[in-house]
Amino acid sequence: MAERKVRCGFIVYTDVDGKPATGYFGDTVDVHKDDLDRFDKLNPEEADVPDTEIAEATATFSQEDIDVAVLAAQDAKDAELAEATKALADEREAFEAEKAEFERVKAEAEKKTTAVKRS
């Protein structure tokens, strides 16, 4: 019987009866002697993991980092919104100009039609 503690998320191993089994983080399991090398390779003790990997895995962002990122995202969205608002205003202005031109041409056509009908 070779008792081991699961330190990775989960691991599939061969139990002492020679059957496949799954161990989850924190479980203590009995590993078959023929599967010990593989199990230990896939589930290293903390001392086998370089400090740099542990530091990278546990690195967190400070509240200041988060605040700066959120502010930058808000500024980018505000700029995007301002650009979209300007484009919409420009389109509306062009539409209103076309509408006014249409109304002017329509009024002229009605005057000509009325003049032709009277004559």
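Reader: Which element of the protein chain has the lowest mean pLDDT?

Author: The pLDDT (the predictor's confidence in each residue, from 0 to 100) averages 87 over the protein chain, and 87% of the residues score at least 70. Where pLDDT is low, the predicted coordinates should not be read in detail. Strand β4 (residues 28-31) has the highest mean among the elements, 95, and the lowest, 55, belongs to helix α2 (residues 51-58).

Reader: What pattern do the elements follow along the sequence?

Author: Helices (H or I, at least four residues) and strands (E, at least two) are DSSP runs, numbered from the N terminus. The protein chain holds three helices and four strands, and reading along its sequence gives β-β-β-β-α-α-α.

Reader: What percentage of the residues count as buried?

Author: A residue is buried under 20% relative accessible area, exposed over 50% and partly exposed in between, with a 1.4 Å probe and protein chains only. Among the 119 residues of the protein chain, the buried ones make up 12%.

Reader: How many residues apart are Phe 10 and Tyr 24?

Author: Rings of Phe, Tyr and Trp (its six-membered ring) pair if their centres lie within 6.5 Å, and planes under 30 degrees apart count as stacked, over 60 as edge-to-face and the rest as tilted. The count by this rule is two aromatic pairs. In the pair of Phe 10 and Tyr 24 the ring centres are 6.3 Å apart and the planes stand at 35°, so this pair is tilted. It links distant parts of the chain, since Phe 10 is in strand β2 (residues 10-14) and Tyr 24 in strand β3 (residues 20-24), a separation of 14 residues.

Reader: Is the pair of Tyr 13 and Phe 39 stacked, tilted or edge-to-face?

Author: The ring centres of Tyr 13 and Phe 39 are 5.9 Å apart. Tyr 13 belongs to strand β2 and Phe 39 to helix α1 (residues 36-42), so the pair ties together parts 26 residues apart in sequence. Both partners count as buried, Tyr 13 at 8% relative accessibility and Phe 39 at 0%. Because the planes of their rings stand at 85°, the pair is edge-to-face.

Reader: What is the area of the nonpolar surface patch made by Phe 10, Val 12 and Tyr 24?

Author: Patches are made of residues with over 30% relative accessible area and no salt bridge, like charges being joined within 9 Å and nonpolar side chains (Val, Leu, Ile, Met, Phe, Trp, Tyr) within 5 Å. Phe 10 is exposed at 55%, whereas Tyr 24 at 49% and Val 12 at 43% are partly exposed. Together Phe 10, Val 12 and Tyr 24 make a patch of about 330 Å².

Reader: Which residues does Gly 9 touch, leaving out those up to four places away in sequence?

Author: Gly 9 is in the loop between β1 (2-5) and β2, and a relative accessible area of 53% makes it exposed. With contact meaning heavy atoms within 4.5 Å, and residues up to four places away not counted, Gly 9 touches Tyr 24 and Phe 25.

Reader: Which residue forms a salt bridge with Arg 4?

Author: A salt bridge is a side-chain nitrogen of Lys or Arg within 4 Å of a carboxyl oxygen of Asp or Glu, and this rule gives six of them. The closest N and O atoms of the bridge formed by Arg 4 are 2.8 Å apart. Arg 4 is in strand β1 and its partner in helix α1, so parts 36 residues apart in sequence are tied together. The partner, partly exposed at 29%, is Asp 40.

Reader: Which residues do salt bridges that share partners join into one network?

Author: The side chains of Glu 101 and Arg 104 meet in a salt bridge (2.5 Å, N to O). These two residues are three apart in helix α3 (residues 63-118), so about one helical turn separates them. The network consists of Glu 101, Arg 104 and Glu 108.

Terms used: Residues numbered from 1 in each chain as written. Predicted model: local features only at pLDDT ≥ 70, side-chain atom pairs only at ≥ 80, totals over all residues. Heavy atoms only, no water. Areas by Shrake-Rupley, 256 points an atom, 1.4 Å probe, with all protein chains shown as cover.
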